[in-house]
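Colleague: I am new to this structure and would like a short tour. Could you take me through it?

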Amino acid sequence: MDHTRPDSATEAEDVDDPDGRLYEYLLDSGVLNDVHTLAESIVGSSVSSSDVDGGGDDNTDADSVARRIADRLLEQNADDVERALDAAVRDALLVTGSAGRLVDHRWPRLVDIGPGRLARDTTRSLNALVRLPFTYDTYMGAYFRRLTEGLSRAVSVDVHFGLAIRVYAKLVDMAPDPESAAESFSSLCEATHARCLLRQRRDFGKTVAAVSLTARCLSVVCRRAASCRGAVKPAVVEFVATIAADPGGRGPYAVLCCADPTATWFDTVSKYHSSRSAFFQCLDGDRRLLRAVVSGFHEWIAEPEIPRRSDIADIAAVVRYARALHATYLLAKMFRYRSAIAMFPVKVSRTLRIHAAGISNHCLGFLSANRRCVPATLTNGLCLLVAAIAAFQPETLDSVAENAFGLRILAKVTERSATLPAACQQLVDGLFEKRRWKDTCGADVDSLTAVAATMTGSSHDEIWRLVTRKMSFLENAAAGDPDLGRRRQLLTNVRGTPLGTSTYDMLQRGDPTTCRDDFDWSDPRQLLMVSVACTTAAGRRWLGQTDAFGSLDGFVATHSRKTEVSLDPGGDRKSLDSIVRVAYSCCPSIGGLNVVLDHCCDDGSGPVITGITTLTKLYYASLQNFDGHPIPRDVLVMLWLRLVQAATHTFSSRVYTDLKLNYQETLLKLSAESRTEDQIVFVDETTELLTKLQRPLLSDGTGCATESTPGTLAGFLANTNQHQGGAWLQRVRSIIIRSDQITGTETMDLIASVGRRRFDGQLDLGAFDRKLNLTDFDVTGIRLALRYGSSVGLVAEDSAASSELEQLYSRVERRGSPWLFDCMTCTLFIASRGSENGCVEACAVLLRLFETTRYVWPPAFDEDDDRRAAFGHLIEGLLQQEQPEVYNAFKMSGVSWWLLCSGWVSDCFWGRLSWPEICRWMCLVVVHSVDYQAFFFICLAVSQKRRWLEAFNLGRFHETVFQGDFCDFRLADHAIYLEELAKKHQRFISKKLAAEFDMN
């Protein structure tokens, strides 16, 4: 017989030849070695040459003798050789698929497993089941029943256990549908149950493996049948029935406790509602498993004994401890859901009922008595269990506070329920006050940090309490290693809020080089932190010291290299969107815009910056060098337009950006290019952006008609004797909120009336005698302000009006950033129709009303940055309380509600509200407390809620909230809601500010 391999050509021709595949397998696999070994053993023990020839003839040919010996051997041992060859060929057929490629009804003997067959045949069939693919027919009818019955018997036999359990795992994993997977799993449960209850002594390790596989396959079924309750419920019922059988504490449940002491199997069950609800229904319907769990825990905790390594042979002690540990973790996970709490108390005997509070007390008692030398797994499980119970029964927290592990438990309680009851807040405060913050590596500090991180992540009130009452703790957290405990999460939560501005100067006491931080710029909280930090000099220094600017620049550079995409409607623009989000995070304040644009110089070779270099280069791109970037020109133009749009969302930033970039000139050239037929034709989105960016600030045009029509407020102010004192103020406040419209004339008359009634006309007009030099920024802003005044038909856009407004603007001294334009003073000029004297008197009144104008008017700006930050923080807290969906959209997008409202206020709502509503806003500031400013913002959020949430779902949230207007907004439509807010919160902002800063 020729055993040489065919050449490659022949092999290529016979790829589909079954006999060729069999031939290759017999040669390559070595299965013929068994036959060869058998022949050698026969030759060595059976015959000799003398048996063949009858004597020793020296002249006999040695080859002929060997041939005769082989023939005689085949005759005498034909049965053994034939069986060996048959086995080798059968194995080869199973592997090569020459016969019976699939496990189905065409191979009925394959599923004949168990009694009545030789062990070798059973092993061969199990090997074939492991190797061969299953089909839909494998899971059908009588064939599937014969297969599972045979596997169930094989699992109980140690010699076949390994292969049988592999087939079961394959049967569940490869099931074509959830129903088949559930049916296969039910058979596995029956097999496992049968093995656990066998009276004969079996390998305990294999029993544990069977139970472990059952738990693992339950996770597979729950995941595959998550949306098919009809399939998952039978599987869960079968599993619960299997492990609930626990005779003498040594049944399947005991084995499960040893196999999975931390109850990880329940994680997948609880992950899906269908399997979770089915599990709790089973527990409630048949409480054998619940009794086994609770009794196992109670029996051990009453007489605790932790087995040592030397006691490993004492299987009873090990099982007893494993049952208690498993019950601890299982109950801790179950108590996350009210369904589990509702099942208690549990009757474990005729005279004993176990309550949830009793379990908590047992755990606390054990932890108090055993502070050390207790396994960490047990300690953690007991803390989790107490925390889970306390989350639903806060009254148990009183006993937690006195425990040695109270802080750790409290940290886990806040992880489960971030909003603690008001009665428990004193407990938290007491725990904070009892600790010292110098032990930066202590477990107590880590637990307190975890408590603070969880609570500050869900509540602005908790951040307020932490910053104003526990600053020493926060300073300690900032000075420590951010990778320890939950410090990084805590600091990120705080620094992303307005009050975070008070934490950025903490770094100055330490070594800046040791304060490097890692930033994930895909996390909106990090972008929110950049927005807040850029508003103060300390924050900008902190961003530089921690190399946040460098990290952000690397992020922009990486995504700028990924922007080589087309602008087709189906194109991927994630990189463009990521860069634009970074720009929006830097540009909501003039300070952030200054970081990006002001520290640049264009010396002909390109802009130079010591900060965000890549983003600056993109901003300073011009028509001449659009082709000099690696980004395709049409993509770069689109990106540049979106970046300019992000940098010009307020009036001040528009003036500032135009002075730095002269972008209007580039827009004109791009518009001309888009209209030229022989040049590149831009996509519609680019053309739309060009149009928006060139559009001036215009009103809706209703201002001209309303100014000539006196409203309710004018009639009331004309009758000066109608009301006196508090009644007059109450009446005018009601008119401002409920009147249809308010004109500019009425606004000026109201300010004058307030000045006479409240200050008896004693105004310091001498403060406006000194004139200041106007900068290019001021002159440009005045020119655009006159354009806006002309659009509402109240002032003319000519040189005379410009001169008068410049005269007025130079007489009003402003605080804060020199790059923040005073739109409110210009609004007074427009409302007075260009009367300089009337504006000066109105400005004098507003200066006396500094308690309400200090947050909205640059001349009266509060010089205390902490107070301004506190005001912004309370505004965001109010939004979280009243409109949580809107607040979450802002937080998940990395947009600061405070900075957005500050931008609207700095613009005096130009281009956002209609002129009558702008006048109403001015009157609101004059006669109401600062609380009503926050209420006004909430009403705006309510009116835009649907639009903003739709934009959030579509991924266009930034453009919508920063660029959108509210010209259809009327406060009178929300008058009832505004009054409800005032009644509900009762000047809480002004009261908190007064209490915190001792404001008079």
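Modeller: Let us begin with contacts. This is a predicted model, and among contacts in the chain between residues at least 6 apart in sequence, 73% join residues at least 24 apart.

Colleague: How many helices and strands does the chain have?

Modeller: The secondary structure consists of 54 helices and 4 strands.

Colleague: What share of the residues is buried?

Modeller: Of the 1000 residues in the chain, 53% are buried.

Colleague: Let us turn to the backbone. Which peptide bond is cis?

Modeller: The bond from Phe 344 to Pro 345 is cis, and its omega is near 10°. Pro 345 sits in the loop between helix 18 (338–342) and strand 1 (346–347). For context, most peptide bonds are trans, and most residues other than glycine have a negative phi.

Colleague: On that last point, what is the phi of Ala 263?

Modeller: Ala 263 has a positive phi, near 55°, although it is not a glycine. The residue belongs to the loop between helix 13 (252–259) and helix 14 (265–271).

Colleague: Is Ala 263 buried or exposed?

Modeller: Ala 263 counts as buried because its relative accessibility is 0%, and the cut-off for buried is under 20%.

Colleague: Where is Phe 909 found?

Modeller: Phe 909 is in the loop between helix 49 (897–906) and helix 50 (915–927). Its phi is positive, near 65°, in a residue other than glycine. Phe 909 is buried, with a relative accessible area of 0%.

Notes. Residues are numbered from 1 along each chain as its sequence is written. This is a predicted model: local features need pLDDT of at least 70, side-chain atom pairs count only at pLDDT 80 or more; totals for chains, interfaces and linings use all residues. Side-chain values use heavy atoms; hydrogens and water are left out. Helices (H or I, at least four residues) and strands (E, at least two) are DSSP runs, numbered from the N terminus. Buried means under 20% relative accessible area, exposed over 50%, partly exposed in between (1.4 Å probe, protein chains only). Contact means heavy atoms within 4.5 Å.
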